[in-house]
Amino acid sequence: VEMRLKAGLRLCLYCGTATLPGWLNLSPQLSASTDTSSDDDDFADASRLLPPLPASITWDLTLGLDFLEEGSVSTVVLGPELRVDWKSPRSVAQLEALLDGCWRVLERGGEMR
């Protein structure tokens, strides 16, 4: 399935219950895995505890934002459900990768908050 999104899109990541009308709201994908073999919790693992929201698209944000074209987003908001374990190198690396993806899709002069 191919999805084309208009330019000037407004994107809210980790919006929780604070979904924004007229925005593409992405919430974390729930994990079916119950593997507890690693104590290296990261923000993606913590986010999987959140239920999917009907007003948002459920998406595993560790997969990136490759479905969005470069420069196609006018505004990116990182919502209140974003959790980072600052002591975990893996968690920090995943956050950096997510932010890199946000900068890639953000249009010139766009806003990230």
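**Fold, sheet pairing and nonpolar core of the predicted model**

Of the 113 residues of the protein chain, 36% count as buried, where buried denotes under 20% relative accessible area, exposed over 50% and partly exposed the range in between (1.4 Å probe, protein chains only). The structure is a predicted model, in which local features need pLDDT of at least 70 and side-chain atom pairs count only at pLDDT 80 or more, whereas totals for chains, interfaces and linings use all residues. Residues are numbered from 1 along each chain as its sequence is written, and side-chain values use heavy atoms, with hydrogens and water left out. The pLDDT, the predictor's confidence in each residue on a scale from 0 to 100, averages 78 over the protein chain, and 71% of the residues score at least 70. Over residues 30-40 the pLDDT stays under 50, and the model has ten contacts beyond four places in sequence for this segment; a contact means heavy atoms within 4.5 Å.

The protein chain contains two helices and five strands, assigned as DSSP runs numbered from the N terminus (helices: H or I, at least four residues; strands: E, at least two). Along the sequence these elements follow the pattern β-β-α-β-β-α-β. Among contacts with a separation of 6 or more in the protein chain, 73% are between residues 24 or more positions apart. The accessible surface of the protein chain amounts to about 7,000 Å², of which 54% belongs to carbon and sulfur atoms; accessible areas come from the Shrake-Rupley method with a 1.4 Å probe, and for residues only the protein chains shown count as cover.

The five strands form an open sheet in the order S3-S2-S1-S4-S5, with parallel pairing; two strands pair if DSSP finds at least two bridges between them. Strands S3 (57-58) and S5 (106-112) stand at the edges with a single partner strand each, so one side of each is left without a neighbour in the sheet. S1 is joined to S4 by five bridges in parallel orientation, and Leu11 stands opposite Val76 in S4. Three bridges join S1 to S2, also running parallel, with Leu13 opposite Leu26 in S2. Leu26 has Ile57 as its bridge partner in S3, and S2 and S3 run parallel, joined by two bridges. Helix H2 lies across S1, S4 and S5 and runs at about 130° to S5; axes are lines fitted to C-alpha atoms, for helices over the stretch in contact, and angles between N-to-C directions run from 0 to 180 degrees.

The largest nonpolar core comprises 17 residues, and Leu11, Leu13, Leu65, Leu68 and Val73 have the most contacts inside it. Such a core is a set of buried Ala, Val, Leu, Ile, Met, Phe, Trp, Tyr and Cys residues joined through side-chain atoms within 4.5 Å. At least two core residues are supplied by each of S1 (9-13), S2 (24-27), S4 (73-78) and H2 (89-105), and H2 gives the most, with four residues. S1 is mostly covered, as four of its five residues are buried. Beyond its neighbours within four places in sequence, Leu11 is in contact with Trp23, Leu24, Leu26, Leu65, Leu68, Val73, Thr75, Val76 and Val77.

Tyr14 is located in the loop between S1 and S2. Although Tyr14 is not a glycine, its phi is positive, at about 55°. Tyr14 is buried, with a relative accessible area of 1%.
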